[in-house]
Amino acid sequence: MVSHSELRKLFCSADAVCFDVDSTVIREEGIDELAKICGVEDAVSEMTRRAMGGAVPFKAALTERLALIQPSREQVQRLIAEHPPHLTPGIRELVSYLQERNVQVFLISGGFRSIVEHVASKLNIPLTNVFANKLKFYFNGEYAGFDEMQPTAESGGKGKVIKLLKEKFHFKKILMIGDGATDMEACPPADVFIGFGGNVIRQQVKDNAEWYITDFVELLGELEE
């Protein structure tokens, strides 16, 4: 664990904090929950595990999983209505703490915008601060692929988003917080990466992250001391 004073310094000097969403801000992996609704849970969760460990290029893993799930618009809406994502304990308070100090908070996700926007609204994060993949549907609501032009659809996409944010807003210090290999890869251009293992521990991230935390409540307590 990082020393209290170092963590406090990091958060106090940051202009912006970017959070991954699946297994970080929320307890679930959105794509796995979508696979459950569509009846292909086991096959997809194994693919997700491999993708998050960094074993498969991200776009290839996303294409492969979505081809298996084939989610319709109605199924995505049903997921949000019947099985809404659960916020990780402490995240609501941590985001509020940052916002009260005029730190910009962004959600950068390899998951799906419709789900991530739902999470953003729970946390009072403006939708303009959301970067995620867009599912495409035919006029009858059937799955028609995803927007491959989104930076978050690529390996290294989270880093591309952070680079864009730095160029657009001239942030001097950006923190990235997340559980997976794609989050760790975003530093640089992020100035600091904090690995999060409160929902699932990815060994590669735990072993290689300079800072690693498992509890937002504990982190918030340190920041508020």
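Author: A salt bridge here is a side-chain nitrogen of Lys or Arg within 4 Å of a carboxyl oxygen of Asp or Glu. Keep in mind that this is a predicted model. By that rule, the count comes to eleven salt bridges.

Start with a local case. Glu 33 and Lys 36 join their side chains in a salt bridge, 3.3 Å from N to O. The two residues are three apart in helix H3, so about one helical turn separates them. An α-helix has 3.6 residues a turn, so residues three or four places apart point the same way. The partners differ in accessibility class. Glu 33 counts as buried because its relative accessibility is 19%, and the cut-off for buried is under 20%. Lys 36, at 41% relative accessible area, is partly exposed.

The side chains of Asp 20 and Lys 158 form a salt bridge at 3.0 Å, N to O. This pair ties together distant parts of the chain, 138 residues apart. Asp 20 sits in the loop between strand S1 (16–19) and H2. Lys 158 belongs to helix H9, residues 157–169. Asp 20 and Lys 158 are both buried.

Lys 158 has a relative accessible area of 7%, so it is buried. Asp 183 is buried as well, because its value is 0%.

Which residues does Asp 183 contact, leaving aside its neighbours within four places in sequence? They are Asp 20, Lys 158, Met 176, Gly 178 and Phe 193. The side chain of Asp 183 is also in polar contact with the side chain of Lys 158, at 2.6 Å. A polar atom of the Asp 183 side chain lies 3.2 Å from the backbone nitrogen of Asp 179. From Asp 183 to Gly 157, 26 residues apart along the chain, the C-alpha separation is 9.4 Å.

Next, the domains. Domain 1 takes in 4–28 + 86–224, and domain 2 takes in 33–83. Their centres, taken over C-alpha atoms, are 19 Å apart. At the interface, 24 residues of domain 1 are in contact with 18 residues of domain 2. About 1,900 Å² is buried between the two domains, and carbon and sulfur atoms give 67% of that area. Phe 137, Tyr 143 and Phe 146 supply 26% of what domain 1 buries against domain 2, more than any other three residues.

The rule finds two salt bridges across it. Elsewhere in the list of charged pairs, Lys 59 and Glu 154 meet through their side chains at 3.2 Å, N to O. Two residue pairs are in polar contact across the interface of domain 1 and domain 2. On the domain 1 side, S2, H8, strand S4 (135–137), strand S5 (143–146) and helix H10 (181–184) each supply at least two of the residues that touch domain 2. The largest share, three residues, comes from H8.

Just after H8, Asn 124 adopts a positive phi of about 55°.

Notes
Residues are numbered from 1 along each chain as its sequence is written. This is a predicted model: local features need pLDDT of at least 70, side-chain atom pairs count only at pLDDT 80 or more; totals for chains, interfaces and linings use all residues. Side-chain values use heavy atoms; hydrogens and water are left out. Helices (H or I, at least four residues) and strands (E, at least two) are DSSP runs, numbered from the N terminus. Domain bounds come from an automatic or database domain assignment. Contact means heavy atoms within 4.5 Å. Buried area is the accessible area (1.4 Å probe) that two parts lose on being put together, summed over both. A polar contact is a pair of N or O atoms within 3.5 Å; within protein, one must be able to donate a hydrogen and the other to accept it, and residues adjacent in sequence count only if both atoms are side-chain atoms. Buried means under 20% relative accessible area, exposed over 50%, partly exposed in between (1.4 Å probe, protein chains only).
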